[in-house]
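Open the model in your viewer and show the whole chain. The tour begins with the complete chain and ends at a single residue.

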Amino acid sequence: DVTERVRMTTADVAAVCAPAPGSALARFGADTVSFYIEFYERFGPEPGAAMHDPLALAIALDPSLAELTTTRVEVECDGRWTRGMTVADLGGVRNTPWALGWEAADNARVALTVDAEAFTSRFLERLRGLVEAQA
């Protein structure tokens with residue numbers, strides 16, 4: 001869920017594209033990200049679009065951006081309300097008598113918190129740098 005805490009807004013897109021707004025990269029970025037932002041804002045309460053993949057990659061490159069824990073994660077396929085959702089055993093249920101089918105072994109590192117400000121600053125700076133190189 002930490003990726004929902006990192007959003008790119010229309011103002012962010014404008015700032016990224018400002019150095020070379022007419023460049024192919026700026027036009028491509030503005031078109032694709034603006035579509036994504038509009039979609040998110042149509043269906044969600046928060047402004048901007050969550051940056052799921054960029055944040056996951058950034059944490060893989062710099063784990064200090066997040067507080068990570070090792071646990072068991074499963075895709076819940078049979079539930080009436082959670083079908084297809086990933087479920088993490090953050091409470092250690094698999095180590096109790098009520099394990100209800102949980103496998104015992106850890107299989108994932110899960111982000112519990114994120115330094116959203118640090119990520120957003122770096123992400124936008126790098127995107128802007130790419131656009132600037134097109135000027």
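Predicted model: local features only at pLDDT ≥ 70, side-chain atom pairs only at ≥ 80, totals over all residues.

Next, switch to a cartoon view. The chain has 4 helices and 6 strands. Followed from the N terminus, the elements come in the order β-α-α-β-α-β-β-β-β-α. The radius of gyration is 19 Å, well over the 14 Å that the globule rule gives for 135 residues, so the chain is more spread out than a compact globule. Turn the model along its principal axes, and the C-alpha atoms fill a box of roughly 60 × 30 × 20 Å.

Now show the surface. Its accessible area is about 8,900 Å², and carbon and sulfur atoms account for 58% of that. Of the 135 residues, 27% count as buried. Contacts can be displayed too: among those between residues at least 6 apart in sequence, 64% join residues at least 24 apart.

The last stop is Arg72. Select the loop between strand E3 (66-71) and strand E4 (73-76), where Arg72 is placed. Is Arg72 buried or exposed? Arg72 counts as buried because its relative accessibility is 13%, and the cut-off for buried is under 20%.

Show the side chains here. That of Arg72 makes a polar contact with the side chain of Glu74, at 2.6 Å. Leaving out residues up to four places away in sequence, Arg72 touches several others, including Val87, Asp89, Arg94, Trp102 and Asn107.

Methods: Residues numbered from 1 in each chain as written. Heavy atoms only, no water. Helix = DSSP H or I, 4+ residues; strand = E, 2+ residues; numbered from the N terminus. Buried < 20%, exposed > 50% of the residue type's maximum accessible area, 1.4 Å probe, protein only. Polar contact = N/O pair within 3.5 Å; in protein donor to acceptor, adjacent residues only side chain to side chain. Contact = heavy atoms within 4.5 Å. Rg over C-alpha atoms; globule rule 2.2 N^0.38 Å. Areas by Shrake-Rupley, 256 points an atom, 1.4 Å probe, with all protein chains shown as cover.
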